[in-house]
Amino acid sequence: MKVKKPFKEISLTKRVFRVEDLPVGTLPEIAFLGRSNVGKSSLINAFIGQKRLARVSSRPGFTQALHFFRVDHRFWVVDLPGYGFAKAPADVQKNWSLLIEKYLTSPRPIKLLIVIFDLRRKPDDLDNLLINYITQQRRPFVMVLNKVDRVKKTSRPHYAKAWVQAFGPRARHTFLTSCRTGEGIKEFRHFVLQEIFPQKG
Ligand SMILES: Nc1nc2c(ncn2[C@@H]2O[C@H](COP(=O)(O)OP(=O)(O)OP(=O)(O)O)[C@@H](O)[C@H]2O)c(=O)[nH]1
Ligand SMILES: [Mg+2]
């Protein structure tokens, strides 16, 4: 995928495994979350316009810590560990959800959550729990239906319908994306920047 560099300076500022190590929030944050293997790290790379900043893996449950990336000294992008990875040991799963919960409930300048789903799947109880949790906390989110390259163009509206019906009204916006072909990424980036910096974009 060919991308023009949308940002100048990106650095991995912090990798957090324990709640106590969460950095003090000083800049606006956008956090990417979703099931294991859905493409969170890939979407961060596509959003930032770098190939291998966030580590991508075909092994589910790869991202086990919270990764904070600082972009142009203006905002932070946060890669959250994936949920719903059944093969992870119970204590590891518990630590993941505790970390995510602590992060989401702490008084941080989280401007927007990016909730990513696999377009080919159907929403289930776990997805519902997540969206209910986020909306109860009044965290604004956008819904990203990723891996659209795996679905024929003509079938995409059919697959998207279930997601839009379930969560669309609560989302700030819904995007269909592919980290492989770059479809939908520009629009997604533009929208997110407008949300965190309404005047400048
Ligand atoms: N076909 C296709 N594959 C994708 C897309 N996005 C990500 N992938 C692939 O899906 C796999 C998982 O991607 P990651 O970005 O590591 O997913 P993740 O959600 O960060 O995974 P965890 O960190 O394990 O929770 C990798 O093999 C990616 O190459 C996409 O849009 N289309
Ligand atoms: Mg990841």
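**Close-ups of a predicted chain**

View 1. Helices here are DSSP runs of H or I with at least four residues, strands are E runs of at least two, and both are numbered from the N terminus. This is a predicted model, where local features need pLDDT of at least 70, side-chain atom pairs count only at pLDDT 80 or more, and totals for chains, interfaces and linings use all residues. Residues are numbered from 1 along each chain as its sequence is written, and chains are lettered from A and ligands numbered from 1 in the order in which they are written.

View 2. Eight of the nine residues of α1 (residues 40–48) are buried, so the helix is largely enclosed by the rest of the structure. Buried means 20 or more other C-beta atoms within 10 Å of a residue's own, with C-beta atoms placed from the backbone. Among the buried ones are Lys 40, Asn 45 and Phe 47. The cover includes β2 (29–34), β4 (75–79), β5, β6 (141–146) and α5 (185–196).

**View 3. The largest nonpolar core.** This core has 42 residues, and Phe 32, Met 143, Val 144 and Leu 145 have the most contacts inside it. Its largest share, five residues, comes from strand β5 (residues 110–118). A nonpolar core is a set of buried Ala, Val, Leu, Ile, Met, Phe, Trp, Tyr and Cys residues joined through C-beta atoms within 7 Å.

**View 4. Leu 145 and its contacts.** Leaving out residues up to four places away in sequence, Leu 145 touches residues including Phe 117, Trp 163 and Phe 175. Contact means backbone-placed C-beta atoms within 7 Å.

Definitions and conventions: A residue is buried if 20 or more other C-beta atoms lie within 10 Å of its own, exposed if 12 or fewer, and partly exposed in between; C-beta atoms are placed from the backbone. Two residues are in contact if their C-beta atoms, placed from the backbone, lie within 7 Å.
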